[in-house]
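Subject: Structure handover

Hello,

Here is the structure I said I would pass on to you. Please open it first, then read the notes below alongside it.

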Amino acid sequence: MLVNYRKLLSVFLAYALALTAFGLVSDKHGQPSLWVTAAEFTRQVTLNDPLTFLKSGVEIASNGWLLPESTWVFRLWPPGFVLLLAGLFKFFGTDVPFLALLFGLTILFGANMLLTAYCYLTEYVAGAVAFLLPLIPFLFPVTRFFLLQPLGLSLGEGFSIIFFLSAVFSLLLAVARSSIWYALNSAVFFAMSAYFRSQYELLVTALLLSGAAFWIARQGFVYFFRKDLTAGKESIGVRYILIAIVGAQLLMLPWRVNNYLDTKTVSWVRTQELVARNSLMSEAELLRIDGDLVIRGGGDLACRFEPTFCNSSDTALFYKAFFQNLQKWVFYKLSLVEDFWYPSLEFFPSAAVDQALPDFWGNSIIAFLLFASFFLLFSMKKRDGILWLWVLTSVYGALSVVLLLVQLEVRYFFLIKILALFSFFTFVGMIFPFFVKSRELNADSCRLRGHS
């Protein structure tokens with residue numbers, strides 16, 4: 001069946017206009033203007049990560065690559081966002097209003113992500129409802145701030161979130177419509193999310209490992225009980241999942257090869273070594289190097305729980321301390337979650353909390369929706385429920401491990417919040433009877449040629 005390109009273009013443009021409007025709302029005072037240059041930005045902002053990205057982008061634009069003294073940047077972060085900045089500065093010059101350009105690119109990629117979500121939802125609901133549901137997360141300040149507003153844009157992770165959500169919806173569409181095209185599209189976006197932020201490489205790997213574990217368990221069930229868990233069309237989804245997840249890993253292979261040639265390791269980044277060294281530092285040593293954020297976020301637990309390990313350079317002791325004190329470690333990190341879940345965006349990146357009711361209730365609602373989404377899974381068709389359960393448990397499970405090991409920061413919870421919003425409102429459209437439409441009314445405007 002052919003694609004209705006005119007309708008898709010109109011939906012895409014409507015989403016682009018909506019995102020532009022959402023992006024012009026300010027959820028934090030004192031943000032830089034979208035029209036600042038790199039030089040003006042460095043005078044207005046003190047956040048370390050954006051300044052590092054900006055300096056590195058200018059450096060690559062001017063010299064062709066990072067100077068020897070700056071090569072550490074690509075050991076702590078993957079190259080995607082810095083190379084994007086470098087490309088903008090090389091093409092437009094360093095005096096360009098780079099945040100405005102990032103905003104424009106975010107609108108384009110964001111509208112594509114929403115269009116993919118729309119196409120997925122048209123499998124379940126009428127077109128108008130399918131159009132509106134993906135926009136609801138932008139009614140929450142955290143989504144607008146992190147994806148569309150100047151400080152969020154300067155951090156670069158908004159691109160990873162948009163790419164990751166695009167990949168998830170493309171993967172679900174690939175299974176729903178038996179489409180290799182959507183599976184390949186998913187692979188590309190999964191890889192792009194990892195190239196822009198390192199934790200997304202862990203999420204893609206978690207999807208691969210958990211998917212493999214589920215498949216092995218399923219094959220074992222079939223072998224021992226002689227009963228297949230799925231039948232007919234539902235049994236072919238594995239092919240498209242493999243194309244998406246393994247394809248993403250293949251697209252990520254060049255950076256692993258680069259890292260092996262550079263550092264003799266295929267690790268995506270070397271951030272965990274820094275995390276381990278910080279955790280082994282004493283409180284006095286951390287304060288000496290302005291590491292109070294590490295202490296507040298529970299990034300010093302190896303030394304705290306094993307004083308004899310303090311100030312050691314042996315990073316293996318970090319993992320030894322973790323496993324020897326696993327229960328204390330987990331409960332201590334859990335005790336900090338509330339402090340980093342509820343802070344007001346007005347104080348970002350600080351974990352300070354505004355006692356104003358809108359902040360408290362907004363974050364409380366997202367927490368409720370996060371847990372409620374798992375209950376909604378049981379109301380879905382079996383294949384849909386299994387796929388979404390696999391995605392959510394893989395992502396939240398991997399992020400939980402990350403948050404146990406690293407120091408907590410306010411922004412580390414933004415992905416969890418945004419994913420919770422998108423998944424919940426997607427589930428609402430999929431299962432509630434006043435939204436779900438009859439089979440014969442299913443939209444075909446998003447269907448692609450080349451089903452297989």
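A helix here is a DSSP run of H or I with at least four residues, and helices are numbered from the N terminus. Please keep in mind that this is a predicted model.

**The nonpolar patch**

By that numbering, W215 belongs to helix 12. W215 is partly exposed, with a relative accessible area of 41%. W215 is also one of the residues in a nonpolar surface patch of about 1,000 Å², along with I216, V238, L242, V246, L250, L253, V257, Y260, L261 and V266. Which helices each supply at least two residues of the patch? They are helix 12 (199-225) and helix 13 (237-263). Helix 13 gives the largest share, eight residues.

**Helix 3**

Helix 3 covers residues 48-63, which is 16 residues. From its first C-alpha to its last, helix 3 reaches 22 Å, close to the 22 Å expected at 1.5 Å a residue. The buried residues of helix 3 are D49, P50, T52, F53, L54, S56, G57, E59, I60 and A61. What do these buried residues pack against? Their partners are helix 2 (38-44), helix 4 (73-76), helix 5 (80-92), helix 6 (98-121) and helix 9 (150-155). After helix 3 comes G64, with a positive phi near 95°.

**Salt bridges**

Side chains of opposite charge can pair when their charged atoms come close. In this model, the count of salt bridges comes to 11.

Are the two partners buried or exposed? D49 is buried because its relative accessible area is 13%, and the cut-off for buried is under 20%. R411 is buried as well, at 11% relative accessibility.

R411 has a salt bridge with E409 too, at 3.3 Å from N to O. E409 is partly exposed, with a relative accessible area of 22%. Through shared partners, the salt bridges join D49, E409 and R411 into one network.

Another salt bridge joins R304 and D300, at 2.9 Å from N to O. Here R304 is partly exposed at 35% relative accessible area, whereas D300 is buried at 4%.

**Nonpolar cores**

In soluble globular proteins, nonpolar side chains tend to be buried together. The largest nonpolar core in this model has 136 residues. Which residues have the most contacts inside it? They are F98, F190, W388 and M430. Take F190 when you look at the model: leaving aside neighbours within four places in sequence, F190 is in contact with F164, A167, V168, L171, V204, L207, A244, I245 and A248. There is also a second, separate core of 15 residues, and among them are A302, F309, W329 and L405.

Regards

Terms used. Residues numbered from 1 in each chain as written. Predicted model: local features only at pLDDT ≥ 70, side-chain atom pairs only at ≥ 80, totals over all residues. Heavy atoms only, no water. Expected span 1.5 Å × (residues − 1). Buried < 20%, exposed > 50% of the residue type's maximum accessible area, 1.4 Å probe, protein only. Contact = heavy atoms within 4.5 Å. Patch = residues over 30% accessible without salt bridge, like charges linked within 9 Å, V, L, I, M, F, W, Y side chains within 5 Å. Areas by Shrake-Rupley, 256 points an atom, 1.4 Å probe, with all protein chains shown as cover. Salt bridge = Lys/Arg side-chain N within 4 Å of Asp/Glu carboxyl O. Core = buried A, V, L, I, M, F, W, Y, C linked by side-chain atoms within 4.5 Å.
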